[in-house]
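Hi,

Here is the structure I said I would pass on to you.

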Amino acid sequence: MSSLLAFLLLQQDQPFIKRFEPTLVHFLMLSFLLFVVGVAGVLSRRNIIIIFMSIELILNAVNLNLVAFSRYFQINQEVLRAKGLVIDSLMGPVFTIFIIVVAAAEAAVGLGIVIAMFRNRETVAIDEIDMLKW
Amino acid sequence: MQLHGWEAVIFYVLAIGTLFMGVYVVTARLAVHSALCLIATLVNVALLFILLRSEFVAGVQILVYVGGVMVLFLFVIMLVQTRAEEEDKVKLYTRQMWPAVTVAFLLAISFFFAMQPAQMAYRPSQSQTEAEKKGDDPGVRSESGAGLKVSTDTESVGEALYRQAALPFEIASLLLLVAIVGAVLLARGSKQEKLYE
Amino acid sequence: MLKLVWLIPVLPLVGFLINFLLGKKLKLSEKAVSTVACGTILLSLLLTIGAFYEYATSYAPAHENKPYVTSNDPDTGERQGFPHSFTWLPGGQAHNSQGKDAGALSNFDIEWSYQIDQLSLVMMFIVTFVGFWIHVFATGYMHGDKGFYRFFAYLNLFMFMMLLLVMGSNFLIMFIGWEGVGLCSYLLIGYYFDRQEAGDASKKAFIVNRVGDFGFALAIMGVFAAFGTLQFTELAQLSEAYPQEAMWQFGLMSWLALGLFIGATGKSAQIPLYIWLPDAMAGPTPVSALIHAATMVTAGVFMVTRTNFIFQRSVTMMMIVALVGCLTAFVAATIGITQTDIKKVLAYSTVSQLGYMFLGCGVGAFVAGIFHVFTHAFFKALLFLGSGSVIHGLHHEQEMPRMGGLAKYMPTTYKTMMIGWLAICGIIPFAGFWSKDEILWKTFSTEVFGGGKVLWAIGFITAGMTAFYMTRLMWMTFKGEERFRKVHHDSHDDHHGPVEPHESPPSMTLPLIVLAIGSAVVGLIGMSPAITGGVNINWFEHWLDPVIAKVGEAGAHAEHHIEPIEYVLILLSLAVAIGGIYLGRLFYEKRTELADIWAAKLRPLYTLSFNKWYWDWLLDVKGVEAGKAANDALWKVDAVVVDGGVNGSAWLTRIGAAVSGWWDKWVIDLAVNATGWIARAGSVIFRAIQTGAWQNYALLFTFGLFIIVFLYERTVIYSTIKNLWGMIRGSGN
């Protein structure tokens, strides 16, 4: 199992301790795991509010991804320019801000819907609302 | 990009905290607990942003998410929480929980596999690591006198927001307005409706 | 006046709208309602006469008897604007799919336009003239009725639709009129909607007509597909490219003609669809006179004549038309002999006369057919209105055995009906003689197909029977014992006391007189040259001649040759008419017991006729039973085969579900749970997938994402697994 972990995670040409120093890939993996946790929550929970929170988790995973890449492009500006790539690293944070804005709007409207739903149906359980058929 | 020393340790602490809190958000029995854990997750992510030299985004994250959205969440939980949930009488998961977890697991595995080529592509080059060691960070600018190093993040993000993303920024304000109106419209009760009509 | 033809149908529509929309709201008096209704029709009649005059005197001579189509300005050839015509259905361009020009591009823009030619002018005149007098009659007949405004609104709507039918310059406008008159017929038959039989009869009429309309609609689509246009004038030209299809040769033209003729049998009450017309007598009598005698039921004859360029190109269909017409005439006449309801007798008589018209069309004498439509409209409207007058005078008594001896109470009705009677019996010089004799002669001498003499013989016998049953009707109603005094003591309307018959008011007798004069003289415009000694003063035939296409050998010599045999035939048909009248008087005046004696002697025939040849029973009872049996059979097929298949597959999938459930439970719990949806989808495939819970959809969504990532990274995954396997093997060693 340890060989699997080493195979998956680490660069074998680095000194041992260096292999554990977080790089972009580690951030991306964290982001993926957060994303997957959020997806699992969205798919399996019954409480609609917790589903909303899981969606926030997913959005945060994406944000983390964007910011990590932004940072990577920022640091490697010179290297990438040498390869002919000019990437505006600031678009990452800007996008992140927009995602936060949209998430706020979505939360406001979505929670409004939750309240309306709760008022009409006395429940916040998602599997009791199966009117999306026929 | 490579974090060294304490930064690496902090990263692992934050990453593990984020993941555990995230898992608890998804598995908590009470919505209040998961909301609190979500706050913790969000704070952790904000700290990760700082680690990535994106202080402005981290601030926005704390202000908007923790300060705004999560308060909203807590209010709604307060409004719709039922006694049955507290007394552990309700099912927490839908019937498709295990399929969902399985699919999520498969997805995670496949992402890990997908990372494998990226691992090679995005590994830091020798020159880069050396530049980092020297403290040659493009996101940091030396303030004149006292040898202070100041992050240029807020400055540059603000510039980018108002130069390149001005129109989307304005549209975002419109979106927020619409969301406010929509939320009010959706959430008001029949009594209030009668009152206004 | 030709510029104003667009007003002719619009005026009755205006009348309809006024009466229908405002009649109840403004509580219009009967006077106002009838003024609006009759006034609009009168205006239409005047406009029709004006158009007739202008067309005959100035337009036709200047334009080689070509039709005046409002969509084409006669002088410039361009289309005229609203309201004369407008593009009603802009269909754009398409390819013809059938016929000679299959694949050719044609323009399917349907114009709303009217065609004024000899044929439509004749029909317009019939509709507006007879219609106007029937409207006048109805003001008296419907006096005091609750739904007075409604009745006149429907009548006006009917006039609008009928005028559209006869004036339309293409099939679709004709079809609107066709369906519209069917609708009005339905509404007016069921006018007394509180009576069970009226409701049933209206439904029957509507449903039976649907059968015919189905054929008509198919034929229209066929014409559309074959010619790429529905304009009659263009169709007449385009069809010239098609040769006449000989006997038993059933090509495109025959199929089109078949569809059209099915439509005609429905609307004009021919075998096998005639059953609705006698039942339609449940409507008010003016309706019977207007719709079910004079105008609507002749729409089929009109349509066949209008499309004669199609019919004439199919000898087989011509024969079928003639045969159906002839048989209908005969069968209906035999039924008419034994009916006792005065309106039923007239209804069967109408069916019989319509049969004559189709016989005429079938043997190629379209002009004679239309001529019979023309004369029949007068005398049958007269007879119906007369019967209406009788029914009115006797307080809604319709059974002839409860009448008798009415002549002295209702002298005007009696005298006018006598003229109608003479006309329908075919006594020279009344209207019916000329047209019926023309049809019989054309049948006898037809060259379209062989066997005309057989058809003539049947028609000849039918003429005798017609004279017999009409005489029976007249004598049972107006002569002999006053039976109505006896029956009314024990009948339902005791509160009247013994009914004292009375003559109808002038508003009802005036139309009778006008129509009686018409019945007496209108035949003179179509006098056969044989009578006039070779001088061809058959104005009617001369007038309609441009409408009839000249097809094949029979069309080539359409000249009227006078042959000696014609005189013999004329004498024979006069003789058979007089014989029928004599027999009728013998049975119902001199020796009234004879009727029962002969009925007893000919018991089987009598029952057959009295029960309308069991055709109703066959269609209504047996037909419905057969339909039910067919449904049962289909249901069985459904139950055994289809349900079996469904159940079998359900059973199979249930087994499959059980197997996979077992797999699920015991083999690889976790992994199969992930694909649990497959098992569910397998059991009741589509329903299971659509759960309505969006989380299921989202799960599928995520699974799809996994599949995509998996496919994208499959080489990496394979090589990794391979390496892992190698490592495990290596460490094992």
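Below is what I found in it, going from whole chains down to single residues.

One thing to keep in mind throughout: this is a predicted model.

Let's start with chain A. It has five helices and zero strands, so written out from the N terminus, its elements read α-α-α-α-α. Chain A has 134 residues, and 51% of them count as buried. Looking at its contacts with a separation of 6 or more, 56% are between residues 24 or more positions apart.

Now try turning the view to where chains A and B meet. In that region, 66 residues of chain A are in contact with 79 residues of chain B. Which helices of chain A supply at least two residues each to the side that touches chain B? They are H2 (24–44), H3 (48–75), H4 (77–82) and H5 (91–121). H5(A) gives the largest share of that side, with 21 residues. Sorted by class, the side of chain A that touches chain B holds 46 nonpolar, 13 polar and seven charged residues.

**Chain C in outline**

Chain C has 31 helices and six strands. It runs to 733 residues, of which 50% count as buried. Among contacts in chain C with a separation of 6 or more, 79% link residues 24 or more positions apart.

A bit of background first: in soluble globular proteins, nonpolar side chains tend to be buried together. In this model, the largest nonpolar core has 218 residues, and the members that touch the most others are Phe158(C) and Ala381(C). Helix H4 of chain C (residues 148–167) contributes the largest share of this core, 18 residues. If you want to click on one residue here, pick Phe158(C). Leaving out residues up to four places away in sequence, Phe158(C) touches Val181(C), Cys184(C), Leu188(C) and Ile291(C). There is also a second, separate core of 86 residues, and its members include Phe35(A), Val37(A), Ile75(A) and Val124(A).

**Two helix pairs in chain C**

H1(C) brings residues including Leu7(C), Leu11(C) and Ile18(C) to the contact, while H2(C) brings, among them, Val33(C), Ala37(C) and Leu47(C). The residues of this contact divide into twelve nonpolar, five polar and no charged.

The second pair is helix H14 (residues 342–362) and helix H17 (residues 431–444) of chain C, with an angle of about 40° and axes 9 Å apart. On the H14(C) side you will find Tyr356(C), Leu359(C) and Gly360(C), and they meet Lys436(C), Ile439(C), Lys442(C) and Thr443(C) of H17(C). That contact has three nonpolar, two polar and two charged residues.

Lys612(C) sits in the loop between helix H25 (603–610) and helix H26 (615–667). Is Lys612(C) buried or exposed? It is buried, because 22 other C-beta atoms lie within 10 Å and the cut-off is 20 or more. The C-alpha atoms of Lys612(C) and Ala332(C) are 8.2 Å apart, although 280 residues separate the two along the chain.

Two peptide bonds are worth a look. The one joining Ile271(C) and Pro272(C) is cis, with omega about 5°, and Pro272(C) is in the loop between helix H8 (252–267) and helix H9 (276–279). The bond from Ile428(C) to Pro429(C) is cis too, with omega near 5°. Pro429(C) lies in the loop between helix H16 (411–425) and H17.

Lys27(C), in the loop between H1 and H2, has phi near 50°. It is exposed, with 9 other C-beta atoms within 10 Å. His396(C) has phi of about 60° and is in the loop between helix H15 (366–393) and H16. His396(C) is exposed as well, with 10 other C-beta atoms within 10 Å.

Notes
Residues numbered from 1 in each chain as written. Chains lettered and ligands numbered in written order. Predicted model: local features only at pLDDT ≥ 70, side-chain atom pairs only at ≥ 80, totals over all residues. Contact = placed C-beta atoms within 7 Å. Helix = DSSP H or I, 4+ residues; strand = E, 2+ residues; numbered from the N terminus. Nonpolar A, V, L, I, M, F, W, Y, C, P; charged D, E, K, R; others polar. Buried ≥ 20, exposed ≤ 12 C-beta atoms within 10 Å, placed from the backbone. Core = buried A, V, L, I, M, F, W, Y, C linked by C-beta atoms within 7 Å. Axes fitted to C-alpha atoms, helices over the stretch in contact; angles between N-to-C directions.
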